[in-house]
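Here are some notes for a colleague who has not looked at this structure before. Please read them with the sequence and the structure open.

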Amino acid sequence: MAKRIKKVKIDNFRAELEKALQEFADYVDSTVVKNATHKTAEETAEVIAKEAPKRTGQYSGTITSGYRQQKNHIYTETVYADAPGYRLTHLLEKGHASRSGGRVQAYPHWETGEKGIPERLITHIKEELE
C-alpha cells in the first residue's frame with residue numbers, strides 16, 4: 001500500500017481520518033486476509049498429506065485445497081481429498097470394520113492438520129501486514 005501525504009484542514013480532519021481508516025480496512029479485508037487464508041489452506045493440505053498413511057502414496061497425492069469463497073467479508077477455502085481419495089478419507093481417519101469382523105486401525109491425519117490452523121492463519125496475516 002503506497003503512503004500518501006495529504007494536507008488537510010482541521011475542519012476536515014475527522015472525515016479524512018475515517019476515510020483513511022476505511023481504505024486500510026478494505027485493503028486488509030480484500031488483500032491481506034484473502035492471501036493469508038489461501039496460504040493457510042495450502043499449508044494445511046501439505047501437513048495433512050504429510051501425515052496421511054502411505055501404502056501406495058496415491059491417497060496423500062489427492063489432498064489439496066481450493067473452492068475459494070467470499071461472503072460478507074468472510075473468506076473460505078476448503079481442504080479436501082480429490083477423487084478417488086475422497087472415498088478413503090473417513091475410513092482412514094476413523095477406522096472401520098474389517099471383513100473378518102474386527103476393526104481396522106484409525107489414522108487421524110486430518111485431525112492433526114486441523115490443530116494448527118488458527119496459529120498458521122495469524123502468522124500469515126502478520127506476514128502479509130509487514
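**Notes on selected residues**

1. Phe13 is partly exposed, at a relative accessible area of 47%. The residue belongs to helix α1, which covers residues 13-51. Keep in mind that this is a predicted model.

2. Phe13 is also one member of a nonpolar surface patch, together with Val8, Ile10, Leu17 and Leu21. The accessible area of these residues together is about 500 Å².

3. Arg120 sits in helix α5, residues 117-129. Is Arg120 buried or exposed? Arg120 counts as buried because its relative accessible area is 15%, and the cut-off for buried is under 20%. Leaving aside residues up to four places away in sequence, Arg120 is in contact with Thr40, Glu43, Thr44, Val47 and Gly113.

4. Asn72 is found in the loop that runs between β1 (63-71) and β2 (74-81). With a relative accessible area of 65%, Asn72 is exposed, since exposed means over 50%. Between the C-alpha atoms of Asn72 and Ala97 there are 43 Å, and the two residues are 25 apart along the chain.

5. The peptide bond between Ala83 and Pro84 deserves a look: this bond is cis, with omega at about -5°. Most peptide bonds are trans. Pro84 is placed in the loop between β2 and α3, the latter being residues 89-94.

Terms used
Residues numbered from 1 in each chain as written. Predicted model: local features only at pLDDT ≥ 70, side-chain atom pairs only at ≥ 80, totals over all residues. Heavy atoms only, no water. Helix = DSSP H or I, 4+ residues; strand = E, 2+ residues; numbered from the N terminus. Buried < 20%, exposed > 50% of the residue type's maximum accessible area, 1.4 Å probe, protein only. Contact = heavy atoms within 4.5 Å. Patch = residues over 30% accessible without salt bridge, like charges linked within 9 Å, V, L, I, M, F, W, Y side chains within 5 Å. Areas by Shrake-Rupley, 256 points an atom, 1.4 Å probe, with all protein chains shown as cover. Salt bridge = Lys/Arg side-chain N within 4 Å of Asp/Glu carboxyl O.
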